[in-house]
Amino acid sequence: MTAQLRWSRRNLFRGGLIAGGALAVPSLLSACSSTAGSTLEKLENGETIRIAYADEVPFAYTEGGQAVGQSVNVHRELLRNLGASDDQLEFVLTDWGNLIDQLGSNHDMVVAGMFITPERCQNAVFANPDYVMPDALLVLPGNPLGLTDLDSFIESDAVVGVMRGTSEHEYARALEIPEDRINPQENLNALVQELKAGRLDGIALTAINLTLQADADPEVEVTPPFVPVIDGEEKIGAGAAVFQEKDTDLRDRVNEELDKLLADQDKWMGLVKDFHFTEDYFPPADMTAESICGEDYK
């Protein structure tokens with residue numbers, strides 16, 4: 001079954017290099033500069049908004065002191081179409097685990113290629129997906145344990161490495177892999193060090209992250225992509241921007257601009273191809289945040 005077929009609507013998760021960057025600054029713990037009202041009003045008033053990202057290639061990362069990546073490029077385009085100037089968009093490097101927790105205190109919105117999940121929908125507002133992505137495993141050369149997907153860790157004594165707080169971390173727990181066989185780290189570099197040191201047997205993350213890592217490092221290799229299956233359902237990775245609960249008006253305006261962008265696949269490709277995205281990662285037309293969040297959609 002091809003990846004595109006596996007992303008068909010019936011299988012969706014229900015219920016449950018570079019084109020000019022904006023200035024990236026270190027994460028701050030101070031509250032956002034903010035006026036009363038919504039983030040959309042701040043944009044319309046010409047004020048600066050703070051946009052959080054985590055350092056994750058190719059979605060959003062720092063290069064040459066600037067925030068770049070697929071998610072940064074797409075959403076800068078959408079916000080420009082809403083009338084924002086580049087100097088209104090302040091990108092804030094933030095730990096992955098704080099992207100949602102610090103919404104409203106450290107930053108106004110999140111652009112990090114974050115997968116939509118029903119659990120995250122309980123605490124934040126998601127735009128519609130701007131890409132889809134299968135997972136893969138990063139292993140040592142020759143794949144000594146023959147790992148193929150997350151189920152491989154259930155059926156063996158292997159230890160899985162995950163980025164803390166990611167969907168793969170949630171999936172490992174949902175599959176009841178024992179906690180002492182889940183090795184969570186803050187970023188991919190730390191996970192690769194754990195893999196090479198023998199403290200884990202395979203890293204679960206999106207296929208594009210791991211393919212880029214394997215291309216750059218001959219001491220590791222990537223397995224073929226797979227779609228995690230939890231409770232009998234395929235969990236399709238679908239990434240989107242994230243907003244505060246008060247900012248459904250901005251989310252709706254971003255969705256309107258996203259609809260226009262996705263109506264022209266060539267234009268979408270023009271924004272993402274430099275980050276190793278292909279047509280395989282184009283989101284299906286009937287995939288929405290509401291269809292993934294279910295009753296937790298805001």
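Biologist: Which residues do ring pairs link into a cluster here?

Modeller: Ring pairs link Phe 59, Phe 115, Tyr 131, Phe 277 and Tyr 281 into a cluster. Before we go on, a word on the source: this is a predicted model, where local features need pLDDT of at least 70, side-chain atom pairs count only at pLDDT 80 or more, and totals for chains, interfaces and linings use all residues. Residues are numbered from 1 along each chain as its sequence is written, and side-chain values use heavy atoms, with hydrogens and water left out.

Biologist: OK, how do I read a ring pair?

Modeller: A pair of aromatic rings is described by the distance of the centres and the angle of the planes. Rings of Phe, Tyr and Trp (its six-membered ring) pair if their centres lie within 6.5 Å; planes under 30 degrees apart count as stacked, over 60 as edge-to-face and the rest as tilted. By this rule the count comes to 6 aromatic pairs. Take Trp 268 and Phe 282: they are edge-to-face, with 5.1 Å centre to centre and 85° between the planes. Trp 268 sits in helix α10 (residues 265-272) and Phe 282 in the loop between α10 and α11, so this pair ties together parts that are 14 residues apart in sequence. Helices (H or I, at least four residues) and strands (E, at least two) are DSSP runs, numbered from the N terminus.

Biologist: And why is the pair of Phe 277 and Tyr 281 edge-to-face?

Modeller: Because their ring planes stand at 80°, with the centres 5.5 Å apart.

Biologist: Is Phe 277 buried or exposed?

Modeller: Buried means under 20% relative accessible area, exposed over 50%, partly exposed in between (1.4 Å probe, protein chains only). Phe 277 is buried at 2%, and Tyr 281 counts as buried at 14%. In the other pair, Trp 268 is buried at 0% and Phe 282 at 14%.

Biologist: How many disulfides does a search of the whole structure find?

Modeller: A disulfide is a pair of cysteine sulfur atoms within 2.5 Å. The search finds 1, joining Cys 121 to Cys 293 with an S to S distance of 2.0 Å. Cys 121 belongs to helix α4 (residues 118-121) and Cys 293 to helix α11 (residues 289-293), so the pair ties together parts that are 172 residues apart in sequence. The torsion about the S-S bond is about -55°, so the disulfide is left-handed. Cys 121 is buried at 0% relative accessible area, and Cys 293 is buried at 2%.

Biologist: Now the sheet. What is the order of its strands?

Modeller: Strands of a sheet pair through backbone hydrogen bonds, either parallel or antiparallel. Two strands pair if DSSP finds at least two bridges between them. Here an open sheet of 5 strands runs β11-β10-β12-β9-β13, with mixed pairing. At the edges stand β11 (182-185) and β13 (221-222), each with a single partner strand, so one side of each is left without a neighbour in the sheet. Further in, β9 (residues 135-139) and β12 (residues 202-206) pair in the antiparallel sense over 4 bridges.

Biologist: Last one: how do I check a helix's length?

Modeller: Just after α3, Gly 83 takes a positive phi of about 105°.
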